[in-house]
Each structure stands twice: as structure tokens, then as C-alpha cells.
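I opened a new page for this structure. Below are my notes on what I looked up, entry by entry.

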Amino acid sequence: GRTSSALLATQEKNMTYRTLLPFLIGVLVMSFGVAAPHVEAASLSLTSTATTVTAGDVVRVRVAVNAGGEAINTAEAVLQFPADILDVISLDKSSSIFSIWVDEPSFSNSQGTVSFSGGLPSPGYTGSSGTVVTVTFHARRAGVASLSLSGATVRANDGLGTNVLRGASGMTLQVVEAQKAPVPTTPVTAPEPVTTTKKPTSTAD
């Protein structure tokens with residue numbers, strides 16, 4: 001009777017809630033802009049014009065960012081290098097994808113570091129090989145120079161500053177001794193033998 005009717009009404013109400021719940025969640029997501037979770041796919045890397053250089057020569061090393069399919073708008077890191085093998089001559093940001101610098105690219109040859117923190121406005125960068133900064137090194141002496149990136153972050157263009165960095169890869173430069181020019185030698189010629197003509201001796205009659 002009345003109990004059965006009440007039970008039936010409650011079941012119908014629960015069915016209605018189950019049907020409407022996914023719809024209501026969808027409306028809330030669209031209304032409040034709840035974004036899908038970000039995938040840590042971005043990376044920073046180092047590339048150079050050569051991997052073997054001669055002591056006394058210069059080599060250019062480019063810091064590049066791969067957004068990994070995610071729109072990014074900032075990147076920062078500290079490039080570390082052996083100061084006894086390399087020293088920085090100059091930093092070039094003219095080809096950088098970044099136009100805003102929280103910290104201008106700077107270097108310390110005594111500490112063996114290059115620091116940078118740059119960004120760009122929305123919609124950000126989505127490419128796979130964007131130049132951040134290019135470093136020109138002078139090779140001081142022969143040796144193996146290991147370059148690395150520490151304290152690195154790459155942040156998504158999501159208004160939240162989500163760090164989407166997957167990894168930062170360094171590189172190795174081999175510095176070899178300069179070839180010494182051969183010293184020209186003057187050939188030594190043996191002196192010509194000296195011949196003497198023996199005068200005939202005269203005898204008295």
C-alpha cells in the first residue's frame with residue numbers, strides 16, 4: 001500500500017540522481033574551468049656547434065626547450081660548467097623564444113655557472129626546439145668538460161604555473177691540445193773534403 005508507494009518513489013528519485021549526476025559534474029567542470037591534469041612532457045637540453053674543440057678555440061652551446069605538446073610560458077635553470085677548462089665569453093638571447101626575463105641571463109666564470117629565467121606571454125610556446133639562450137665558451141685547456149642543467153623548471157601556460165618539466169639533459173665537450181707547428185730545420189751539409197797538392201821535392205845535383 002502506502003509503504004510500497006513510498007519505496008517506489010524513493011527508488012525513482014535515486015535513479016533520477018544517478019542519471020543527472022554525470023550531467024551536473026560536466027556542467028561544473030565547464031563552469032569552473034577544471035582542466036585535465038598536465039603531463040610532464042617538457043624538456044631542456046644542450047646542443048653545441050662541435051663536441052670536440054681545440055684548446056684556445058671557441059664553441060657555442062645552445063640551451064633549448066621542447067614543450068612536449070604542452071603550451072609553456074616560462075623556463076629557468078642554471079647551466080654548470082668546469083671553470084678550469086672553459087670560460088664564458090658572451091651570452092646571446094637575440095634568437096630566444098622568450099621576450100620577458102625575470103632574471104637576465106648572466107654568468108660567473110669563477111663559479112662556473114650560467115643562470116637564466118625567462119618567459120613569454122600567452123598563448124605560450126608549443127614547439128620542440130626553442131632557443132632559450134646561446135652561450136659562447138672559450139676552451140682554456142685540454143680536458144673533458146661536462147655541462148649540466150640544475151634547478152630547472154618549465155611551467156605550463158595554464159595560469160597556475162604548473163611545472164611540466166620531464167628532464168634536463170647535459171652534454172660533454174672534449175677539449176684537445178693544440179697541434180704545435182713543426183719547427184723548420186735547416187739541413188746540415190757535410191763539408192767538402194780539403195785536398196792538398198804535394199809539391200815535388202827537388203834534389204841537388
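For my notes, contact means heavy atoms within 4.5 Å. I keep in mind that this is a predicted model.

I started in strand β4, residues 72-80, where Ala77 is found. Which residues does Ala77 touch, not counting those up to four places away in sequence? I listed Leu44, then Val114, Ser115 and Phe116, then Leu149, Ser150, Gly151 and Ala152.

Next I looked up one of these partners, Ser115. Ala77 and Ser115 are 38 residues apart in sequence. In space their C-alpha atoms are 6.1 Å apart.

Is Ala77 buried or exposed? I read a relative accessible area of 4% for Ala77. Buried means under 20%, so Ala77 counts as buried.

**Entry: the open sheet**

I then traced an open sheet of 5 strands. I wrote down its order as β5-β8-β3-β1-β10. The pairing in this sheet is mixed. Its edge strands are β5, residues 86-92, and β10, residues 165-169. Each of these two pairs on one side only. On average, neighbouring strands of the sheet are turned by 20° against each other, direction ignored.

In which sense do strand β3 and strand β8 pair? They are antiparallel, over 8 bridges. Strand β3 covers residues 58-66, and strand β8 covers residues 130-139.

**Entry: salt bridges**

How many salt bridges does the structure hold? I noted 3. I went through them in turn.

Arg60 forms a salt bridge with Asp92. Their closest N and O atoms are 4.0 Å apart. Arg60 lies in strand β3 and Asp92 in strand β5, so this pair ties together parts that are 32 residues apart in sequence. I checked how accessible the two are. Arg60 has 38% relative accessibility and counts as partly exposed. Asp92 is partly exposed too, with a relative accessible area of 27%.

Arg141 forms a salt bridge with Asp84. Here I read 2.7 Å between the closest N and O atoms. Where do the two residues sit? Arg141 is in the loop between β8 and β9, and Asp84 is in the loop between β4 and β5. They are 57 residues apart, and the pair links distant parts of the chain. Arg141 is partly exposed at 38% relative accessibility. Asp84 is partly exposed, with a relative accessible area of 41%.

Lys93 and Glu104 meet through their side chains in a salt bridge, 2.4 Å from N to O. Lys93 lies in the loop between β5 and β6 and Glu104 in strand β6, so the pair ties together parts that are 11 residues apart in sequence. I found Lys93 partly exposed, with a relative accessible area of 34%. Glu104 counts as partly exposed at 45% relative accessibility.

**Entry: aromatic pairs**

I looked up the aromatic pairs and noted 2 of them. Phe81 and Phe137 form an edge-to-face pair. Their centres are 5.1 Å apart, with 70° between the planes. Phe81 is in the loop between β4 and β5, while Phe137 is in strand β8. This pair links distant parts of the chain, 56 residues apart. Both Phe81 and Phe137 are buried.

Phe98 and Trp101 form an aromatic pair that is also edge-to-face. I read 6.1 Å centre to centre and 85° between the planes. Phe98 is buried, and so is Trp101.

**Entry: Ser96**

I finished with Ser96, in the loop between β5 and β6. Is Ser96 buried or exposed? Its relative accessibility is 15%. That is under the 20% cut-off, so Ser96 counts as buried.

Which residues does Ser96 touch, not counting those up to four places away in sequence? I found Trp101, Thr131 and Val132. I then looked at Val132. Its backbone oxygen lies 2.8 Å from a polar atom of the Ser96 side chain.

Note on methods. Residues are numbered from 1 along each chain as its sequence is written. This is a predicted model: local features need pLDDT of at least 70, side-chain atom pairs count only at pLDDT 80 or more; totals for chains, interfaces and linings use all residues. Side-chain values use heavy atoms; hydrogens and water are left out. Two strands pair if DSSP finds at least two bridges between them. Helices (H or I, at least four residues) and strands (E, at least two) are DSSP runs, numbered from the N terminus. Axes are lines fitted to C-alpha atoms, for helices over the stretch in contact, and angles run from 0 to 180 degrees between N-to-C directions. Buried means under 20% relative accessible area, exposed over 50%, partly exposed in between (1.4 Å probe, protein chains only). Rings of Phe, Tyr and Trp (its six-membered ring) pair if their centres lie within 6.5 Å; planes under 30 degrees apart count as stacked, over 60 as edge-to-face and the rest as tilted. A polar contact is a pair of N or O atoms within 3.5 Å; within protein, one must be able to donate a hydrogen and the other to accept it, and residues adjacent in sequence count only if both atoms are side-chain atoms.
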